[in-house]
Amino acid sequence: MAQKEEATKSSEEGKPKPPPADTAMAIASTAAPAPSWFTPKRLLVIFCLINLINYVDRGTIASNGVNGSLGTCTDSDICTAGTGIQGEFHLNNFEDGCLSSAFMVGLLIASPIFASLAKSVSPFRLIGVGLSVWTFAIVGCACSFDFWSITIFRMLVGVGEASFISLAAPFIDDNAPAAQKTAWLGMFYMCIPSGYALGYVYGGVVGSHTKWRYAFVGEAILMLPFAILGFVMKPLQLKGFFHPESKKALTAVETAVEEVQVSDTYDSDISNGEQASCSMKEHVRNSNLQKSSKSKLVSIIKNQISRFLKDVKVLLVDKVYVVNVLGYIAYNFVIGAYSYWGPKAGYNIYHMTDADLIFGGITIVCGILGTLAGGFLLDYMTNTISNAFKLLSVVTLIGGAFCFGAFCFKNMYAFLALFAIGELLVFATQGPVNYINLHCVKPNMRPLSMAISTVSIHIFGDVPSAPLVGVLQDAINNWRKTALILTAILFPSAIIWFIGIFLHSVDRFNEESEHQVTIQTERSNTTPLLEGKKIETSESVAEP
């Protein structure tokens, strides 16, 4: 027994003794970071507020208080002055219509560019740059002096919005709880109808009580803090992209190699040209440096374009992505025409005296409730790509049937009841359709996936739908038939999404990106917001 006790004592003496409880607590309190104010939920709130301001601006410029009207004169030479932008700049209806869609030019051009730059520049900083451009452009709208000046600034508004549209959803997807990803996306996209509604009210109030220019000034003031936040706050990491330190290290290595190459070239020039004059050597050196810098710039541009085209090709051969976007295009074709022609169709079919207010109210309420419900429903079903396609096809088919049936009724109240149910179901697609866009591609492809989707649904969806429906109405001169033909396009959209159920789909959210070159970089990119420090701290304290 004595020998066993001595052996036990000697083995215990050989092991490292744990620190006292007070010392361990002191180490833990020193190593643990202070709780940060910037949490995933607050990130969602900030992005929702930014998205809300974006769509408030779209509603503001379309409001009667800001958009205004031309001056009129009666036969008895009694004239009334014009109001708003249209009245001050004397715009015809075509020019006035161009203002509401001018931002689309900048949005469609800049979205793929920002998405491509996200692979070489911090995505969070790109959002800061975009919001700064947006704020500058909105101030420019307030200071505009004619049609062309305000049109150019509206295009810049689209450029500024492009970075946020492409990159915000991937950030939300990274930091949302696994069981609530679609619900968080639904909250984000809920800001679209609510922003439009607030914009109508805000523009009407400001435009009727003050000058229309002050409405844009107010928007710029609201957005400025968020633009500053994008630069002063520590950049958040987006899953699938370079860690900034790793990127800087690689850049430093490339720079050092180039300097050595230039130095070697210069030294060889000196040794081989000892009989040449010093001025000749300097000239050769400068020319070599200029050629090197030009070739480097050309090489960078070519590489960026080549990588962009390669990534676009990857998206276009992805059957799941293509089917999802095709269904989204057909869906957006109908929704875009509803938003433009809905009040006029309602007035002509059912003789609604307040068609703008009725259609606007239905769209706002159903848009908010439907978007939230779609996100929560997919999470309840378990958020997978297959389930998303099932939900998309079912709600679009049933919602389309309710909307189609609504236009068949001659009674206005029956129409409003059925149409409200139809829109509630149709708007439930926003969360699931964007969930598929984010999860059917690798993490580093998500910004480009969102950008190409945005460009596609506008170019082939809501942009051409309004004029095409106008041509159809001119041809048949029957608003009820026109509305029924338009609504029927929701059924092909449901069929396209139904096909997606049977495609082989893989959720690639956790797949490694091609450019994650180190374990440290990969770990920093895949760790949710602000949880990495806690994990590292607990590991360091647990180690002996």
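Tutor: Let's start at Gly82: setting aside neighbours within four places in sequence, Gly82 is in contact with Ser69, Leu70, Gly71 and Gly87. Keep in mind that this is a predicted model.

Student: Where does Gly82 sit?

Tutor: Gly82 belongs to the loop between β2 (79-80) and α5 (84-89). Thr72 is 10 residues from Gly82 in sequence, and their C-alpha atoms are 7.3 Å apart in space.

Student: Why is Gly82 called partly exposed?

Tutor: Its relative accessibility is 31%. Buried means under 20% and exposed means over 50%, with partly exposed in between, so Gly82 at 31% counts as partly exposed.

Student: And what makes Thr454 buried?

Tutor: Thr454 has a relative accessible area of 12%. The cut-off for buried is under 20%, so Thr454 at 12% is buried. You'll find Thr454 in helix α19 (residues 446-476). Beyond neighbours within four places in sequence, Thr454 is in contact with Leu107, Leu108 and Ile165.

Student: How do you know that helix α18 is largely enclosed by the rest of the structure?

Tutor: Count its buried residues: 10 of the 10 in α18 (residues 430-439) are buried, so the helix is largely enclosed. Among them are Gly431, Pro432, Tyr435, Leu438 and His439.

Student: What makes α14 roughly antiparallel to α18?

Tutor: Look at the axes: those of α14 (residues 319-350) and α18 come within 9 Å and cross at roughly 150°. Angles over 145 degrees count as roughly antiparallel, so α14 gets that label relative to α18. The crossing of the two helices is left-handed.

Student: Which residues make that contact?

Tutor: From α14 there are Val320, Tyr321, Asn324, Val325, Tyr328 and Tyr331, and from α18 there are Gln430, Val433, Asn434, Ile436 and Asn437.

Student: How many of the residues in the α14 and α18 contact are nonpolar, polar or charged?

Tutor: Seven are nonpolar, four are polar and none is charged. Tyr counts as nonpolar in this scheme.

Student: What about the whole protein: how many helices and strands are there?

Tutor: The protein has 23 helices and two strands. Of its 544 residues, 44% count as buried. The protein exposes about 28000 Å², with carbon and sulfur atoms supplying 66% of that. Among contacts between residues at least 6 apart in sequence, 80% join residues at least 24 apart.

Methods:
Residues are numbered from 1 along each chain as its sequence is written. This is a predicted model: local features need pLDDT of at least 70, side-chain atom pairs count only at pLDDT 80 or more; totals for chains, interfaces and linings use all residues. Side-chain values use heavy atoms; hydrogens and water are left out. Helices (H or I, at least four residues) and strands (E, at least two) are DSSP runs, numbered from the N terminus. Buried means under 20% relative accessible area, exposed over 50%, partly exposed in between (1.4 Å probe, protein chains only). Contact means heavy atoms within 4.5 Å. Accessible areas come from the Shrake-Rupley method with a 1.4 Å probe; for residues, only the protein chains shown count as cover. Axes are lines fitted to C-alpha atoms, for helices over the stretch in contact, and angles run from 0 to 180 degrees between N-to-C directions. Angles under 35 degrees count as roughly parallel, over 145 as roughly antiparallel, 65 to 115 as roughly perpendicular and the rest as oblique. A crossing is left-handed if the near helix is turned anticlockwise from the far one by less than a right angle, and right-handed if clockwise.
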